[in-house]
Amino acid sequence: MEPDDDAPHPPPRAAPGAGDGPRSVTLASAIDLDGFRAACRRLWAEQVEPGRVAWHAADDAEGDLFEAGAAEPATASTEAPPVRAPAAFMPLCESVILHRDPGRFGLLYRLLWRLQTEPGLRHDALDADWVAAQLLAQAVHRDMHKMKAFVRFRTLEQGGGEEPLHVAWFEPEHHIVEATAPFFSRRFTAMRWAILTPERSVRWDGERLAFGPGARRDQAPPADAGEALWLTYYRSIFNPARLKLAMMQKEMPRKYWANLPEAALIDPLAAGAAERSTAMVERDAAEPARRIPVRPQPTAPDHAPTPQGEAPRSLPALREALERCRECPIGEHATQAVPGEGPQHAKLMFVGEQPGDQEDLQGRPFVGPAGQLFARALAALGIDRRDTYISNAVKHFKFELRGKRRIHKTPAQEEAAACLHWLESEIALVDPGALVALGATAARQLMGTPIAVTRERGRWLRRADGRRVLITLHPSALLRMEPEHQEAAWAAWLADLRQATATLAPPSGDGL
Ligand code: URA
C-alpha cells in the first residue's frame, strides 16, 4: 500500500476475469498483518469488491469453516491502479487486526477499498466504517494498557544456581500478546520471565522473546514472598483521601482482580477509607502552620555569627546558624529550618530536595509521605537510617497556600544556590565516604551542574572534591507515578539504592 494524499482517485476499473463469485481468504494467524496486506493487494489488483470476500484466520475460532467460494490465490490484474492509503491507515490496521472481532479484516479491506475513491473519509467523524475501526483500535490499546498495568509476576526459584523464573498469568481480551511482549522485555530485561494467557504464551530468556501456545491458569505459580512485599507496598501507597472506587474499577476492572494480589486489599482498605480520610482532614486542620520564632543571638561559642559568615565548625553550630538564615525568601514563610540529621561521621549521606509539610512542622528531614517510602526502601535494603546522615539541598520548605493546604513548590535555582553552602558545610563536617542524590535538585546541588537523573540514575558520579555521588530518583517521583508503573519503579529504585549499601559495610578485617 502506498501513502496517499487527499486527492480523489478515479474509481477502480473492473479487472478482466475478476469474476463475481465469493472469495475466501485464510490468513496464517489472527494477527497475520503481512498476510492481510498481501491479500489486500491481490484482491485490489483483481478488483474484488469487499462484499465478496470472506476473511478467516487460521486460529480464529469464529471463522466459518464451511464457507463456500473460490479460494485464493488468484491472478493479479495489471489493469488496477496501485493501492494507496493515507499514512494513518497502516498504524490503524496494526491495531485493529489485534481485535477479537471476526469482522475486522472485512472492515479494514472495505475501508481500504473506499479510501481509493474517498481519500477524505478519514476526516469524516461520522463515517460508520472509519469510526468503527477507530473504536476497535481504541479497545486494543486499552487492552494492551491493562496488560502492561496488571501483569504480576510470581517468582519460581529454579535451584542449582539457576536464576529464578518469573511467571505471570493474564487474560487479555484481544490478540495482544505479541504486540505487548516487547514492553515487558524492555522493562524486565534482566529477569527471566514468562506470561501465560489462554491463547498465547510468551517467554523471555534475557535475550529473545519466544511465543508458544496458550496455557491454563493452574499452570501459573501461586503467590510467593515477593508478592507479600508488593502487598505491603500497595498498602503503603494507598491514600484514602484519593480513593474513588468507581474510578479504580474503571482503571482496574474487577475482571482483572483475580490475578492481582493487591486487589484482595481493595475492599478492606476501601471500607476504612472514609474513616481514615476524615481523620486526615481533621489532622490537617488541627495543625496550622506556625512559625517558630528566630532566635536573635547564637549561644554556643563555635557558632557562626551570621549565615553568611565563616563556615560553622560543628553540626550544632550549623543548626543554630541555619535557623537564622534569610539568604533567600523561603525562610520567611517556613515554620523552621530543617537541618540534616544523623551521626557526625556517617559513612553515607542521603540528600533530598527540600523539607515537605511534615518535615517543616517536625523540623526533621524525610518524615512525611516521601520519607515513609524512603524508610521502607532503607528497611528493604537492611540499612538502619540512624547509621546514615540525611539532609536536603534546600533547608526551608517552599510552598504555596491552597486553602488550608500548603502545596510543595520546587525551589528556584537561585534559592538552591543560596542554600548550597549549608549543604557543603554539612558534607565537610560529616565527611561521608559517599553521597546519594535523591532527585534532580539534589543531584544538581551536589554536582554543581544539571544532571539528567533518568539517564544517570544508578550510576556513581564524582564531585570535584573527589567524593562519589550515586544518582537516583526522589521518593516523591515514585509516589506520583501511575499505579501500574509503581511496582517496576520500586524494584528499579531499590536496585539503584542497593549500590550504596556497600559503603556502610564494615571494613573487611584480616580474618582473625
Ligand atoms: N522531600 C525531600 O526532598 N526532603 C524531605 O526531607 C522530605 C521530602
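Strand 17 (residues 468–472) has four of its five residues buried, so the rest of the structure largely encloses it; buried means under 20% relative accessible area, with exposed over 50% and partly exposed in between (1.4 Å probe, protein chains only). The model is predicted: local features need pLDDT of at least 70, side-chain atom pairs count only at pLDDT 80 or more, and totals for chains, interfaces and linings use all residues. Residues are numbered from 1 along each chain as its sequence is written, and side-chain values use heavy atoms, with hydrogens and water left out.

**Overall composition**

- The protein has 18 helices and 17 strands; helices (H or I, at least four residues) and strands (E, at least two) are DSSP runs, numbered from the N terminus.
- Of the 512 residues in the protein, 48% are buried.
- Among contacts between residues at least 6 apart in sequence, 72% join residues at least 24 apart, where contact means heavy atoms within 4.5 Å.

- Five strands make an open sheet of mixed pairing, in the order 12-11-15-17-16; two strands pair if DSSP finds at least two bridges between them.
- Strand 12 (389–392) and strand 16 are at the edges with a single partner strand each, so one side of each has no neighbour in the sheet.
- From one strand to the next, the twist averages 30° (axes are lines fitted to C-alpha atoms, for helices over the stretch in contact, and angles run from 0 to 180 degrees between N-to-C directions).
- Helix 18 (residues 483–498) packs on this sheet and touches strand 11 (348–352), strand 15 and strand 17; the direction of helix 18 makes about 175° with that of strand 17.
- Strand 15 (residues 434–438) pairs with strand 17 in the parallel sense over five bridges.
- Across that pairing, Leu-435 stands opposite Val-469, and Leu-438 stands opposite Thr-472.
- Strand 16 (residues 460–462) pairs with strand 17 in the antiparallel sense over three bridges, and Leu-461 stands opposite Val-469.
- Strands 16 and 17 form a hairpin with five residues between them, and Gly-466 in the turn has a positive phi of about 90°.

- Strand 6 (residues 154–156) runs antiparallel to strand 7 and is joined to it by three bridges, with Leu-156 opposite Leu-165.
- Strand 8 (residues 192–196) pairs with strand 7 in the parallel sense over five bridges, and Trp-193 in strand 8 is the bridge partner of His-166.

**Helix 2**

- Six of the eight residues of helix 2 (residues 89–96) are buried, so the rest of the structure largely encloses this helix.
- Those buried residues are Phe-89, Met-90, Leu-92, Cys-93, Ser-95 and Val-96.
- Their cover includes helix 1, strand 5 (84–85), helix 3 and helix 4 (128–150).

**Aromatic pairs and charges over rings**

- The whole structure holds 16 aromatic pairs; rings of Phe, Tyr and Trp (its six-membered ring) pair if their centres lie within 6.5 Å, and planes under 30 degrees apart count as stacked, over 60 as edge-to-face and the rest as tilted.
- The ring centres of Trp-44 and Trp-113 are 5.2 Å apart and the planes stand at 80°, so this pair is edge-to-face.
- Trp-44 belongs to helix 1 (residues 33–45) and Trp-113 to helix 3 (residues 104–117), so the pair ties together parts 69 residues apart in sequence.
- Both Trp-44 and Trp-113 are buried.
- Phe-184 and Phe-188 have ring centres 6.4 Å apart and planes at 15°, so they are stacked.
- Phe-184 counts as buried, at 1% relative accessibility.
- One aromatic cluster is formed by Phe-36, Trp-44, Trp-55, Phe-105, Tyr-109 and Trp-113.
- Arg-406 lies over the face of Phe-399, 4.9 Å from the ring centre; a charge sits over a ring if NZ of Lys or CZ of Arg is within 6 Å of the ring centre and within 35 degrees of the ring normal.
- Arg-468 lies over the face of Trp-460, at 4.0 Å from the ring centre.
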